[in-house]
Amino acid sequence: MSDAHLTERPLGDGPEPVDLTDEPIQLSRRDPESSPERAGTPSRRRRLVLAVALVAGLAGLGALGAGGWRVFQEKDTDLSTPVKVAGLTRDDSERARSTADYLRDGFAADIELDKSVGTVYSDPADARRAVLVFGGTTLLWQPERDLDSLFGLMADETGKVTGLREVDAGRLGGVMKCGTTSGDGGDFAVCGWADHGSVVMAMFPGRPVGQAAGLFRQLREGMQTR
């Protein structure tokens with residue numbers, strides 16, 4: 001059979017030829033209804049969730065970093081008992097040393113310390129307003145919690161501390177609190193400070209809380225070094 005009839009058919013009688021361009025044809029198995037253009041909201045939501053998680057994570061790392069730096073700054077603390085500090089004079093009499101040792105040993109029994117201190121400072125203006133200071137150095141991860149616990153334990157020795165409140169801790173930071181307790185001579189102020197490297201308490205017979213807090217900050221300035 002000849003195929004001449006095929007070659008003689010006019011080309012113009014058929015449909016226009018398909019124009020194939022150089023651009024590749026993109027094949028996809030994706031459902032058109034699930035394309036990003038049609039389902040942009042879930043995609044944006046995922047990005048938003050990831051962004052929020054990232055911000056929260058960075059904030060957490062920042063807080064952890066700040067806390068770690070604070071521990072690093074405060075952990076190596078040294079305490080001394082100068083002969084004169086804050087207008088007071090250290091009382092080295094046998095009676096004063098015995099009292100200071102009793103308070104220091106009792107305090108050290110409640111908390112494990114690397115070094116403990118205890119002393120009595122007399123007030124040249126009024127012998128009845130001697131200040132009893134006791135405490136020590138140690139690594140504290142939660143200074144405020146530990147200080148509150150010590151105030152609670154102090155109730156066993158002197159009676160419940162009432163009106164306990166936070167006061168300005170001064171340039172050395174940490175936390176400082178003062179309240180009122182009672183003794184043989186009546187009510188008196190009691191204060192304590194704590195940071196990541198030290199914890200110290202003091203009794204202030206004859207002084208109200210406001211006055212005791214200011215004096216305690218001065219004592220700390222003269223006793224604590226880092």
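In which helix do Arg 97 and Glu 94 both lie, and how many residues apart are they? Both belong to helix α3 (residues 94–110), three residues apart, about one turn of the helix. Helices (H or I, at least four residues) and strands (E, at least two) are here DSSP runs, numbered from the N terminus.

Before I continue, a word on the source. This is a predicted model, in which local features need pLDDT of at least 70 and side-chain atom pairs count only at pLDDT 80 or more, while totals for chains, interfaces and linings use all residues. Residues are numbered from 1 along each chain as its sequence is written, and side-chain values use heavy atoms, with hydrogens and water left out.

Let me turn to confidence. The pLDDT, the predictor's confidence in each residue from 0 to 100, has a mean of 80 for the protein, and 68% of the residues reach 70 or more.

Two strands pair if DSSP finds at least two bridges between them. Strands β7 and β8 pair in the antiparallel sense over nine bridges, and a hairpin of two residues joins them. Within this pairing, Thr 181 stands opposite Phe 188 in β8. On to the next pair: β8 and β9 are antiparallel over six bridges, with a hairpin of three residues between them. Here Ala 189 has Phe 204 in β9 as its bridge partner. Seven of the nine residues of β8 are buried, where buried means under 20% relative accessible area, exposed over 50%, and partly exposed in between (1.4 Å probe, protein chains only).

The disulfide belongs to this region. A disulfide is a covalent bond between the sulfur atoms of two cysteines; the criterion applied is a pair of cysteine sulfur atoms within 2.5 Å. The structure holds one, formed by Cys 178 and Cys 191 with their sulfur atoms 2.0 Å apart. The pair links distant parts of the chain, from Cys 178 in strand β7 (residues 175–183) to Cys 191 in strand β8 (residues 186–194), 13 residues apart. The torsion about the S-S bond of Cys 178 and Cys 191 is about 110°, so the disulfide is right-handed. Cys 178 is buried, at 0% relative accessible area, and Cys 191 is buried at 0% as well.

Next, the nonpolar cores. Such a core is a set of buried Ala, Val, Leu, Ile, Met, Phe, Trp, Tyr and Cys residues joined through side-chain atoms within 4.5 Å. The largest has 24 residues, and those with the most contacts inside it are Val 131, Val 133, Phe 204, Phe 216 and Leu 219. The elements giving two or more residues are β4 (115–122), β5 (131–137), β7, β8, β9 (198–204) and α5 (209–223). Of these, α5 supplies the largest share, seven residues. Leaving aside neighbours within four places in sequence, Phe 204 touches several residues, including Val 131, Phe 188, Ala 189, Cys 191 and Leu 219. A second, separate core of 23 residues includes Leu 113, Val 120, Leu 132 and Val 199.

Finally, the salt bridges, each a side-chain nitrogen of Lys or Arg within 4 Å of a carboxyl oxygen of Asp or Glu. The count is 14. The pair from my opening question is one of them: the closest N and O atoms of Arg 97 and Glu 94 are 3.0 Å apart. Arg 97 is partly exposed at 40% relative accessibility, whereas Glu 94 is exposed at 56%.

Is Arg 207 buried or exposed? Arg 207 is buried, with a relative accessible area of 8%. Its salt bridge with Asp 123 has the closest N and O atoms 2.6 Å apart. Asp 123, at 10%, is also buried.

A further salt bridge joins Lys 177 and Glu 144 at 3.0 Å, N to O. This pair links strand β7 to helix α4 (residues 143–158), across 33 residues. Lys 177 is buried at 9%, while Glu 144 is partly exposed at 37%. To close, Asp 101, Arg 104 and Asp 105 are linked in a network of salt bridges.

Conventions. Contact means heavy atoms within 4.5 Å.
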